Amino acid sequence: MKKKPAGAVPLTLVVLLAAALAMPAAQAPPLVRFGVVTDIHYAEIDAAGARTYRESGAKLAECVQVMNAKGVAFLVELGDFKDQDSTPDETRTLGYLEKIESVFAGFKGPRYHVIGNHDTDSLSKAQFLAAAPNTGIVPNATRYTFVSGGVRFAVLDASHKSDGSDYDHGNFDWSDSNIDAPQIAWLGKTLAASPEPVIVFVHQQLDGTGAYYVRNAPQVREVLERSGKVIAVLQGHRHEGGFSTINGIPYFTFRGLIEGAGLWNSSYSIVDVMPDLEVRVAGYRRAETRSFKAATAARLSPPADPTSRRGG
């Protein structure tokens with residue numbers, strides 16, 4: 001029998017080594033992983049078309065269970081948290097808000113709210129926030145900022161009329177949504193001062209024109225673009241969802257949880273921000289899964305300190 005040369009490497013080992021070298025390196029974990037849900041519209045009222053108001057409590061409970069199991073850093077809802085009766089009743093509406101907030105409070109981590117038009121259909125913003133507070137944020141703040149995983153999050157309130165006044169107890173036209181002037185000034189200063197890359201949360205959309213969009217969206221987008229720090233704008237309001245990119249900034253609209261009967265028709269998502277600032281949305285149930293990266297991401301340095309902080 002022919003002997004193997006001294007020091008020869010067995011063929012099996014060669015194959016295994018080649019396979020190992022061909023495998024990609026272990027992927028770095030995300031800078032931050034967080035949960036998103038929007039347009040819950042909870043109320044104890046009959047369904048209207050595909051909107052199954054009563055089922056939103058069970059749908060949100062499933063979302064919270066998944067977010068706890070996945071260990072996300074925080075959970076944010078992007079507006080229209082609750083709804084109301086066909087004949088508005090402040091007391092009943094507050095009851096709906098308190099009940100759905102108790103479900104949301106089952107999440108074992110920081111929770112955040114974005115003001116939507118239906119959140120003020122028979123309440124004031126102050127009433128809404130008193131029953132549904134934001135973790136670590138000063139009371140009554142409808143626009144605010146916080147940091148998690150080395151990424152700054154800026155929450156906007158587009159529920160203002162053209163004259164800058166607040167939506168309040170149904171005193172508004174849902175198609176007349178605006179970011180008021182003081183808030184635009186605050187946004188510009190917040191972006192300029194931020195050493196971190198920024199993700200913006202807003203209910204009404206900023207990436208177009210028409211009834212569903214913020215009327216002064218071009219002015220807001222100019223502030224976002226000028227900063228060179230915004231890596232994504234995450235929105236609600238339009239229940240079918242959507243995606244666009246304007247001047248290098250991705251705008252992702254999440255599908256509304258309210259749409260469709262049964263848990264299988266729910267929608268909620270987990271978002272990862274990767275070290276290269278790619279944003280990855282993993283959709284659950286009927287929510288969309290998509291990855292995107294802002295043009296400015298290549299120019300931004302990875303966050304030096306991923307330690308979570310909160311602010312106002």
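Figure 1. The model is predicted, so local features need pLDDT of at least 70 and side-chain atom pairs count only at pLDDT 80 or more, whereas totals for chains, interfaces and linings use all residues. Residues are numbered from 1 along each chain as its sequence is written, and side-chain values use heavy atoms, with hydrogens and water left out. Strand S5 covers residues 151-155, and because five of its five residues are buried, the strand is largely enclosed by the rest of the structure. Strands (E, at least two residues) and helices (H or I, at least four) are DSSP runs, numbered from the N terminus. In a regular strand the side chains alternate between the two faces of the sheet.

**Figure 2. The partners of S5.** Two strands are said to pair if DSSP finds at least two bridges between them. Strand S4 (residues 144-148) runs antiparallel to S5, and five bridges join the two. Within this pairing, Ser148 stands opposite Val151. The hairpin of S4 and S5 has two residues between the strands, and Gly149 takes a positive phi near 65 degrees there. Strand S6 (residues 198-202) pairs with S5 in the parallel sense, over four bridges. Ala154 has Val200 as its bridge partner in S6.

Figure 3. A pair of aromatic rings is described by the distance of the centres and the angle of the planes. Rings of Phe, Tyr and Trp (its six-membered ring) pair if their centres lie within 6.5 Å; planes under 30 degrees apart count as stacked, over 60 as edge-to-face and the rest as tilted. The structure holds 22 aromatic pairs. In one of them, the rings of Phe146 and Phe153 have centres 5.2 Å apart and planes at 20 degrees, so the pair is stacked. Phe146 counts as buried at 1% relative accessibility, and Phe153 is buried with a relative accessible area of 0%. Ring pairs link Phe146 and Phe153 with Phe34, Phe74, Tyr112, Tyr144 and Phe201 into a cluster.

**Figure 4. The stacked pair of Phe252 and Phe292.** The ring centres of Phe252 and Phe292 are 5.8 Å apart and the planes lie at 20 degrees, so this pair is stacked. The pair links distant parts of the chain, with Phe252 in strand S9 (residues 249-253) and Phe292 in strand S12 (residues 290-292), 40 residues apart. Phe252 is buried, with a relative accessible area of 1%, and Phe292 is buried, with a value of 6%.

Figure 5. Strand S10 (residues 267-273) is mostly covered, with seven of its seven residues buried. On one side lie Ser267, Ser269, Val271 and Val273, and on the other Tyr268, Ile270 and Asp272; both faces are covered. Strand S1 (residues 32-37) pairs with S10 in the antiparallel sense over five bridges, and Phe34 has Val271 as its bridge partner in S10. Strand S11 (residues 279-285) also runs antiparallel to S10, joined to it by seven bridges. Arg280 in S11 is the bridge partner of Asp272. The hairpin of S10 and S11 has five residues between the strands, and Leu277 takes a positive phi near 70 degrees in it. Arg285 lies in strand S11 and has a phi near 55 degrees, a positive value in a residue other than glycine. With a relative accessible area of 45%, Arg285 is partly exposed.

Figure 6. Rolling a probe the size of a water molecule over the atoms shows where empty space is left. A pocket is an open set of points on a 1 Å grid over the protein atoms alone, where a 1.4 Å probe fits, with protein on both sides within 12 Å along at least five of seven lines; lining residues have an atom within 4 Å of a point. The largest pocket has a volume of about 160 Å³, a volume being the space filled by probe spheres set on the points, which are joined across faces, edges and corners. Its lining residues are Asp39, His41, Arg51, Asp80, Asn117, His118, Trp174, Tyr212, His237, Arg238, His239 and Glu240. The lining divides into two nonpolar, five polar and five charged residues; Ala, Val, Leu, Ile, Met, Phe, Trp, Tyr, Cys and Pro count as nonpolar, Asp, Glu, Lys and Arg as charged, and the others, Gly among them, as polar.

Figure 7. His41 lies in the loop between S1 and helix H2 (56-70). His41 has a positive phi of about 55 degrees although it is not a glycine, and it is buried, with a relative accessible area of 1%.

Notes. Buried means under 20% relative accessible area, exposed over 50%, partly exposed in between (1.4 Å probe, protein chains only).
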